[in-house]
Amino acid sequence: MICLKQCFSLLFLSIFSFQNYAQSDKDKNLKVGWSTVDITPDKPVLVAGQFHARLSEGVMDPVTATILALESGEGTNSEKTIWISCDLVGISDGMRATANLRDEIRTRVVKAIPSILPEQIIVNATHTHAAPYVASIAAVEGIYGVSLDQMANGKPAMSPATYIPIAADRIAQGVVKAWKKRNPGGISLGLGHAVVGLNRLQALKHGKSRMYGNTNSPEFSHIEGHEDHSLNLMYFWDLNKQLTGVIINVAAPSQVSEHSYKLSADFWHDTKLAVKKSLGDSVYVLAQASAAGDQSPHVMVGSKAEERMQQLLGFGEEGTGRGSLAQRKQIAKRLADEVIDLFPVMKANIEWQPEFKHEKKLVPLSRRLLSPEDVAEATEEAEIWQAEYDKLKAEVHDNPDIIKTPRWYKNITISYSKLRRGLVVSERYELEKTQPKMPIEVHVVRIGDAVFATNPFELYLDYGMQMKAQSPAIQTFIVQLTGSGSYLPTQRSIEGGAYGAVPASTLMGPEGGAELVEETLTLINKMW
Amino acid sequence: MVRLCVLLAMTFWLNVRLQANDLYLGAASADISPKLPVALMGQFHMRIAETADTPLYAGIVAIESRDGQTGLDTAVFVSCDLVYISARLRQELRDEVAKRIPGFNVNKIIVSATHTHTAPVLEDDLEESSFIYPIPEEGVTKVKDYRALFVESVADGIEDAWANRSKGSVTWGMDRAAVGYNRRTVYKDGTSVMYGNTNKEEFQNLEGYEDHDMNALFFWNDENELLAMSVDVACPAQEFEHKTTVNADYWHPVREKLKSRFGEKVSVLGWIGAAGDQSPHSMYRKAGLARMQELAQKTRMDDIAERIIRAVENTYEIVKNDRHTNVAFHHKMENLELPMRIITEEEYIASEKVVKDCQDQIAADPSKAPLLYAKMTWFGDVLKRYEAQQKNPEATYTSEIHVLRIGDAAIATNQFELFTDYGIRIQARSKAIQTFVIQLAGPGTYLPTEKAIAGGGYSAVCQSNVVGAEGGQLLVDRTLEIIDKFWDKENEVSLKKKL
């Protein structure tokens, strides 16, 4: 009887919703188009995400870009948003280095589809640490202190400068495809929970913090910050109420396989497979990371228990524990289970003409105010690493055969990265004097009762929580890493001094963070 | 030949060691519902319940490890739908069990509370408690009568579980479920407020961590029938904390659904992990949660229950074939002497003022007593502690803890509403594969962290705390010392899987 009632309810809702759609103002009609493109390079490339260089040694699973084209209304005045989610560590945008993958994509898309404006295109990264390097178009020697030829030892390899246009071409083609395929559709908004992102900073009893330190220590006091286990979801439907795709927004970067030399989309690959398995092969999954600069998927407390569960789940052969495929599958299961669990309720509550607004603003944020002591400390470190780099380089010079050893370049590229890292502090110190503010691109998109608010950072979770707590939207999706990404830590974290909060890791500090929150909320409030 | 002898000797040695730790298990449930009307514990104002929405239960598991026919060690877990376990209630229960089971070491009985705020008041003696209601002499169940009912019913259950114990098996497992939320809001000026409004510009962050691990133990008898399960959630059962009806809070729907899934006879023990700064109330994203509940035609209670049930079912399916019959089993009860939180003169003066104010208001208008009496006694306890402190500044607070090893799992109890960071410290440094922290296994008072004390706010002020952060760390350290001993090489026993 209950089932019969539910069927009638669904039928009624379906008729009612469709009538609503048919009779409504065309200005609010929503069109939805999806595509996905493979952006896996066909030659070895630099893998981004660690101090040391990694030249890719094959493909664990494809790295992709998923595109969602949205248009509300008709004609030239229609509101448009192109969401592009990339399996990359960050999206270069000219903020930190010369490369600008974001604008390379925009230029190509606008050329192919003149009715789309560059500022209607949002590109975010999932933060997989096993994807091609796109942060710079400089020669590899300028990035890692070792040339690509030396790293590859004569074998074919592709530089970032070569890869970036290829990726931009493919992604732009994907946008064109999604745009052409767009059809009337509806959305439903869901809020679930899944424990995926875990705070990776440990506060010690003496007041300092560290990232990924051992919690099994008498010095350990507590986990420094908070976690956000909410799962913001937006489901998209065609007029037959068939699911076309879903946005999954989770406060966790996808970096389980962060040390891999094989390219991989990390847990999003497994999540997409799990969702498709249950909801259909044609369903797209667009991944977004909410504010999660201080989060990771790595278990900080209780890892032994979790690893045992992975073994009992039968994942033993695939490896268990930190960085394992088992952990990725476990995360994928948690995400997919929630998406699937909410599916019936979402299907019964489709909104065909959601309010749709998109605003982009260049927000000037205060750069982090550094002290001469910060510069002196960083410069001293840079000098140490310079000496180390020089020594290792001399060793290569004296013993050229060293490059025949697999991954021989690890230590020398670490020393070069840390040398560069030390030097940027001085550069930032000088820049702050003449350009105390730095313009940051922020997008705010309202879809129905939900709002999406982007930022280019690895934004510490507290800022996201502040925005969510004060937002007038029913659900607020924070989308981090819609740019090249640098950590944006809280005052508490700066006092703790862990990696992620030190001057070399940051462009902005708490002042910039507070401004970002305030400006984002102002933009959101205007839409309500 | 030599190799064969060595092999036989090793086999014999292993078997002896394994057989030395056979587990005998028994389980029971006890109805601890009060006679109505009854005064409810948990809010400053007095509430008299005329009706009950749900029964109140105690889940019981009795464990004995044996070497052949010789008992080695024991534990009896009693999980109760109560706000805490008063020292008197625990002692009365132990005395009763001692009468019924001669020779049984009643200090091995561990009684813990789920922290439901809609269960009976347990104390009415100002000498024993800092939180006393002016319960009417007539027409309401007397506190001592409820304690007697509790003791009778739970002692029956313990006796039954103990008498019916048989060789059994156990396993442990975990999943993750976001149930508890940190309830202490930190503002930009550095102050903290419990349940402070987060929807304001001054909001900075939530003060502490949340522990979304959900640990579970499962117990079977030798017929492979599931006897009991204990489910450890770092969230007090206080979704319905303001109701004026008797209610077991989220453990009721959880228990009902788990029984329906696993069998009516299965005893479900609700344990609360270290969660002094947690509650089931969302601190932000409230509109989104409310909308989802409306769309799904569910209440927050349904939502909580479903999250826990799903985690238990997931866990059960994964671990059900990894049962252990021969496991290391150790249980140590210890009374810790913890330094008491120092009351400053300013705190004394401020508390004295509040006491005086309450006294004056009640004197002027006795009808205000139900609202103000508990507050008066709560602040009044600060005066008592301050005066005692003047006589003996080094005075300590005696606190009972239990630490157990069951196979690869450790269980550590404490009496407090223990802030989550302490639980995390214990879990992080424990040698066990899985560590269960159970709070409120005794008279509950908040045990806050240094960070929380600095922020202030209810639960971290002197009125809320008999023991402060220094005592919290001692509790952690001593618990870990005992766990470490249980994992000494000499105590290690290889596991033998039954299935």
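## Strand 4 of chain B and its partners

Strand 1 (residues 22-31) of chain B is joined to strand 4 of chain B by 10 bridges, and the two strands run in the antiparallel sense. This pairing belongs to a predicted model, and within it B:G26 is found opposite B:A62 of strand 4 of chain B. Strand 4 of chain B also pairs with strand 5 (residues 70-80) of chain B, again in the antiparallel sense and over 10 bridges; here B:V61 has B:F77, in strand 5 of chain B, as its bridge partner.

Strand 4 of chain B and strand 5 of chain B form a hairpin with 2 residues between the strands, in which B:G68 adopts a positive phi near 65°.

## Domains of chain A

Chain A is divided into three parts, with domain 1 spanning 31-183, domain 2 spanning 189-354 and domain 3 spanning 372-434. Between the C-alpha centres of domain 2 of chain A and domain 3 of chain A there is a separation of 34 Å.

## A three-stranded sheet in chain A

In chain A, 3 strands make up an open sheet in the order 8-7-9, and their pairing is antiparallel.

The antiparallel contact between strand 7 (residues 201-204) of chain A and strand 8 of chain A rests on 3 bridges. In this pairing A:Q202 has A:R210, in strand 8 of chain A, as its bridge partner.

## Packing of helix 2 against helix 5 in chain A

Two packed helices are described by the angle between their axes and the distance between the axes. For helix 2 (residues 101-112) of chain A and helix 5 (residues 160-180) of chain A, the angle is about 45° and the axes are 8 Å apart. Helix 2 of chain A and helix 5 of chain A are therefore oblique to each other, and their crossing is right-handed.

## Salt bridges

Over all chains, the structure holds 68 salt bridges. One of them links A:R102 with A:D103, whose closest N and O atoms are 3.1 Å apart; A:R102 is buried, with a relative accessible area of 10%, whereas A:D103, at 28% relative accessibility, counts as partly exposed. In another salt bridge, the side chains of A:K357 and A:E355 meet at 3.9 Å, N to O. A:K357 is partly exposed, with a relative accessible area of 29%, and A:E355 likewise counts as partly exposed, at 28% relative accessibility.

The side chains of A:D401 and A:K404 also meet in a salt bridge, with an N to O distance of 3.4 Å. At 47% relative accessibility A:D401 counts as partly exposed, while A:K404, at 60%, counts as exposed. In chain B, salt bridges that share partners connect B:E96, B:K99, B:R100, B:E152, B:D156 and B:E159 into one network.

Definitions and conventions:
Residues are numbered from 1 along each chain as its sequence is written. Chains are lettered from A and ligands numbered from 1 in the order in which they are written. This is a predicted model: local features need pLDDT of at least 70, side-chain atom pairs count only at pLDDT 80 or more; totals for chains, interfaces and linings use all residues. Side-chain values use heavy atoms; hydrogens and water are left out. Two strands pair if DSSP finds at least two bridges between them. Helices (H or I, at least four residues) and strands (E, at least two) are DSSP runs, numbered from the N terminus. Domain bounds come from an automatic or database domain assignment. A salt bridge is a side-chain nitrogen of Lys or Arg within 4 Å of a carboxyl oxygen of Asp or Glu. Buried means under 20% relative accessible area, exposed over 50%, partly exposed in between (1.4 Å probe, protein chains only). Axes are lines fitted to C-alpha atoms, for helices over the stretch in contact, and angles run from 0 to 180 degrees between N-to-C directions. Angles under 35 degrees count as roughly parallel, over 145 as roughly antiparallel, 65 to 115 as roughly perpendicular and the rest as oblique. A crossing is left-handed if the near helix is turned anticlockwise from the far one by less than a right angle, and right-handed if clockwise.
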